[in-house]
Amino acid sequence: MKKYWIIFVNVIIMLAMLSFVVIYSNQTSRNTTQRQIEHFENTTITMEHVTENYLEGEQRICDVWARYINSKEMTMEDAISFIRISHVLPNASAHIVYEDTLSGLSTRAKSEGSEDYSVSYARIGLLNDVSWIKAIGESINISRAYTNPVNGEQSIAFCNAVTLHDEETGEPKKAILLRVLPLSELEEKWVFPQEEFSNAELSMIDDDGDYIIKGHSFKNSSFFEFYRSYNQADPAFMQELEQKLSSSTGYFTMQNSRGEECILAYTPIAAAGGWTLLNMMPMKDLIVNNENWMLIGFVSAGLLILFVFDLSVILGINKQLQVAAREAAAANKAKTDFLSTMSHDIRTPMNAIIGLTTIAEKNLNDPAAVGEHLQKISMASNHLLTLINDILDISKVESGKLSLSPLTFSIVETVENLVNLSQPMVKEKNIEFNFRVGKMDMEYLYADQLRLNQIYINILSNAIKYTEPGGRVSVDIYEEESEKPGCVKLTYRVSDTGIGMSPEFMETMYQPFSRQTDSRVNSIQGTGLGLAITKQMVDLMGGIIDCQSEQGKGTTFTVVLDLPIAERQREDMELDPMDVLVADDDQILLDTVVDALQSLGVTAFPARSGQEALELIKARHESGKDYDIVILDWKMPGLDGIETTRRIRKEIGTELPILLISAYDWADMEELAKEAGASGFVSKPLFRSKLYDKINALLGKEVKSVEPENDYSDLQGMNILIAEDNDINWEIISAMLEMFGITSERAENGRICVEKMKEAKKGSYDLIFMDIQMPEMNGLEATRNIRKLEDPWASSIPIIAMTADAFSENVTECLNAGMNGHIAKPIDIKLVVKEIRRIKEKKS
Amino acid sequence: MKRLLCTMLFVLPLITLCACGTAPKPKEEAAAGFAPKLSTEEKCKITVAGSYDNFEALEAEFDRFNKFYPNVQLNYVKLDDYNNVLATVLEGNDRPNIFFSYTWMIGNDQYKPVVAHMEELSDTALGLNLSCIRPGLLNHDADGKVMLVPVFSRTYGMLVNNDLFEKEGQKIPTSFDEMIKVCDAFKAKGIKSPMMGYTQKSSGCFMNTVAYPQFTATLAKDPDALAKANALDPAAGESMRPALGAVERLIESGCIDLAECDKIEDNYTQVILRFFEGDVPMMICTGDTVSGTKKRESQSEAFTASPFKYTFHPIPLSDQGGYFIDSPSVQFSVNKDCDNLDMTNEFMRFLITSEELNQMASMKRLVTPTTDFSLDPVYAPFGQVPAERTISPEVLGITDPLTVQIRIASYQVGKGEITIDDAVKKYGSFE
């Protein structure tokens, strides 16, 4: 369902709910109003009863007077005197006027102290027609409100026809008796009883609509005129209204003079023929529905808030979906690009491998050509392996499964390994290589060494790879105090004078498969994954990677990592006091070595060239106080290390211990150095621990001869149990080991391996190479079983994993199962030999 | 498009919510410029007593006053036998705060008790804006005090059916001769009596409506004759001759058909309803009759079926035009001995302004006493009468007995009962 349809449905539901609330509320309100109107109407009827009772009561008094007067043949004076005696109400009065003259007497004088009791209705159109005065007791004969001619008060009168006797003639004479009540008094008593109808106003009208008694809000002298003035009404309607008012009880709405809608209840007064009681009240005073509006307002606000909230959530989700869709599309494209790139990058070395294998097969009789082809196949295979490793790494990074497996490791070993790995490339490209180690107080750190190596190697190999022959690559590594407690800040900086990078490329260089478009780059093998992996790993380790580059001038990568310090550190290293001369043309290296030596407790004397070193040594020798040790850099301008050694030996003698230092693989210069008289070699970078070990070894006169690279005699006679289910892999490893004089036995799976160990005599095997994924019992299970064997030799035999499960978590898994090392397939025989030696050394 | 749709869908409930609320009532009109001087919370009762059966225009003013003083209850009370009972009422328990008063009450011994209750309305402390009233309508006593203030004025003229004039291509006459010519033109079109009026009795008859302004104008030019006329001296009879001549000429020239006029049964409702029949170009009547036109528009089936525009004009009795006899109709006096005198004066201060008086006159359709005639277009022609033809009988000093003489004389001449010469001779003896 599309977004706007959801909103539309929401709005419709909201409107439906609101409509329901409004309709329900209005209905409730209408019902309440209706009930109130009915109550109002009923109250009006009650008022009519009260009024009727009142009028009947008053009329009855008048009737009693009239009957009495008629029965006694009274004169005007007699009648007035009689009424004056029986009259008790202070504000009421009575008038008797002759029908013919409409003049007569009043019970009250015109003014206080006056003797004038005369009264005349001649100019008041009240008694001109007396047909409305019925016989005594027949009905209520009440007048309209009029001005009392005696005192000027607005009054009403209850009337009766009486017969008087003329004083002079004694003849009967018709007269009208009026019991006169002031209207103000009546109005004060005639108040609506209910509090809720306090704004209601009563009026009484006759059959012409003229007010008998007029409420304040009733206008005009006639109710019908009043109605016509403020309401739309045609003659037919007015006629109907007049009929309705005089004959029935009911209510209707109308506008008052203020334009307010009013409810008007009416009921005829039964006892007073033709009179109607009107009761009017503004509708706004009748309708009490504030609560309903509050309910509507509350529900509306709630729905609106809900709507806004839902809308926001929907929009948010939509946004996320859009982002996810874009990401999915990008990922899809990346996958396509990835496959395309992989297809190309994998096929290229595979092409070389297959092609060269074919060529080699056809030239089996030409060993030189076969050797050359195999070397190229080996190179292509290595590239393919790197590519596969990188792909696996990047896929793990992107799937978020890359995790760290921290171990305690020696940063010295790591750096040495780094130097060793880079040496062949440096040598091959003939570039100037400087590896400067700054302050490195903490040798053992706790981190994922494998990943750290990967970071350092990637950056360094890139620097070497993209630096032209004759160029320079410098590496600086040093420790600083970290802001994180228990950590050191390890800075690794690699600068080269290579081809550099364009700013455009630098923006995307950490993205997978990013390679600079450059003719020089195209000729260099690379997957375009190295930097992406490096960046991810640095991020994973919480570090910072920075790159400064200028096209054509070179690049500097800096990696800063806060690494935890391992609990295990080397004991305090302290040498006996002695004087050591150090010669190096690189001032930074010189200062670093001098600092390292001084921290070991020796006095170091720097020399910036071979010549200066020679002169200083000569001067000391002549003074009879030779240096205890001389350390010379191999590559120095003018007199290099070998030449300086040669001159020292020639001019000073052979006693002085001389250490040669080099950042290069010293295998090539070994012969020359030995010939020149060097006492030993130490490779850059020069760590404090390394200097300590070398100097101690040198002073003990145990100058450790460098092991020849091709001497594998120490491996002769070893017997290794190999648990490997794959026949080819077994064949490869057994053949390779055989090349080094190592015999091997095969166990086709883990279970057989365990069985063999159970049955083996002590010392039968030096170690076990254990594949992991095998039928019946895997390598991990087999290792655990072996570790559980009763025979101490069998249970403690070194086991090295040899598996295609090459990730760090696989390594950790192997170590946790009780293995002693891990070699990833495809196997590098050098690494295998190194691992065997490590195990052997440990054993010894 | 989607954004627009979403916005509309969002706004819709808001509008619905707004619609759920009660629509604010339009700000009700209130008299501009009036600033209450007393506490607007004050609760009291004010009664206005008068002789009108009903006084809706005044009741409308009560409502307007209640906008400022909502707790003041104002009532209009009609007194039966007003002139005779007023003095008693002013002394009684139901003393009104304001009452109708008439100029003739001043100096009349019978009304001394009434006058004694009148408050001096020209007292500057009251703050009444008497300047908004036309000076000729204000009555000053011997001491220059104003005891009664007019709320309506009365005049004499003729209702003109403007649409009929337009339909017949006639212009409203501005001189006596033009009037005769216009009447001839209408007669030629088949209208039997181009001018009509009430003829049944002398009171309210059209003859007096024609004659009185002319007689007053004649006397205004001759103070001696005026003095004689007031003294009912037969020598003043000659001053009636021009007025009676005008009546006679209108009848003799056929402008007025008496037989047609005799069919009108009363001088108020029937005069109006006859005019609303739509075939009478000019209906001679007083302003009091005009006051009933508005309410009777809906009562006339003919007018409801074919409404037309009408205006009230002075009858053009001279070559220059008609006279505007500017005379107070209803005047208010304040009972200085009433309860709530301060609030009563506050109400008078509210009422005696051009705006409120015009409002009231317009509603009652009587001539406004103010200088501004613009509110009611029916009376607008009187606003154009120049000062020299505007005559105030009260200022001039015309007395009531004089008016009786011209009324009866003009009626009898008009009816053909006596000649003009007889009428002139009989001046002072008409009863």
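This is a predicted model: local features need pLDDT of at least 70, side-chain atom pairs count only at pLDDT 80 or more; totals for chains, interfaces and linings use all residues.
**Entry 1: chain B overall**

I began with the secondary structure of chain B and found 20 helices and 13 strands. I then looked up burial: of the 431 residues in chain B, 46% are buried. I also checked how far apart in sequence the contacting residues lie. Taking contacts in chain B between residues at least 6 apart, I noted that 76% join residues at least 24 apart.

**Entry 2: where chain B touches chain A**

I next turned to the interface, where 30 residues of chain B are in contact with 31 residues of chain A. On the chain B side, the elements giving two or more residues are helix 1 (2-20), helix 2 (56-66), strand 2 (72-78) and helix 3 (82-91). Helix 1 of chain B supplies the largest share, nine residues. By residue type, I recorded 12 nonpolar, eight polar and 10 charged residues on this side of chain B.

**Entry 3: the nonpolar cores**

I looked up the largest nonpolar core, which has 121 residues; B:Ala211, B:Val247, B:Met283 and B:Ile284 touch the most other members. Helix 7 (residues 206-220) of chain B gives the largest share of this core, eight residues. I asked myself why this core lies between domain 1 and domain 2 of chain B. The core lies there because both domain 1 (20-147 + 330-365) and domain 2 (156-326 + 385-425) give residues to it.

Leaving aside residues up to four places away in sequence, B:Met283 touches B:Met158, B:Leu159, B:Met196, B:Gly197, B:Val271 and B:Phe275. I also noted a second, separate core of 81 residues, which includes A:Val475, A:Leu529, A:Phe557 and A:Val602.

**Entry 4: a sheet in chain A**

I then examined an open sheet of five strands in chain A, with parallel pairing and the order 25-24-26-27-28. Its edge strands, each pairing on one side only, are strand 25 (743-747) and strand 28 (821-824) of chain A. On average, and with direction ignored, neighbouring strands of this sheet are turned by 25° against each other.

Within the sheet, I looked up strand 26 (residues 767-770) and strand 27 (residues 799-803) of chain A, which pair in the parallel sense over three bridges. Here A:Phe769 has A:Ile800, in strand 27, as its bridge partner.

Two helices of chain A pack on the sheet. Helix 20 (residues 750-759) touches strand 24 (719-723), strand 25 and strand 26, and its direction makes about 150° with that of strand 24. Helix 21 (residues 779-787) touches strand 24, strand 26 and strand 27, and its direction makes about 175° with that of strand 27.

Methods. Residues are numbered from 1 along each chain as its sequence is written. Chains are lettered from A and ligands numbered from 1 in the order in which they are written. Helices (H or I, at least four residues) and strands (E, at least two) are DSSP runs, numbered from the N terminus. A residue is buried if 20 or more other C-beta atoms lie within 10 Å of its own, exposed if 12 or fewer, and partly exposed in between; C-beta atoms are placed from the backbone. Two residues are in contact if their C-beta atoms, placed from the backbone, lie within 7 Å. Ala, Val, Leu, Ile, Met, Phe, Trp, Tyr, Cys and Pro count as nonpolar, Asp, Glu, Lys and Arg as charged, and the others, Gly among them, as polar. A nonpolar core is a set of buried Ala, Val, Leu, Ile, Met, Phe, Trp, Tyr and Cys residues joined through C-beta atoms within 7 Å. Domain bounds come from an automatic or database domain assignment. Two strands pair if DSSP finds at least two bridges between them. Axes are lines fitted to C-alpha atoms, for helices over the stretch in contact, and angles run from 0 to 180 degrees between N-to-C directions.
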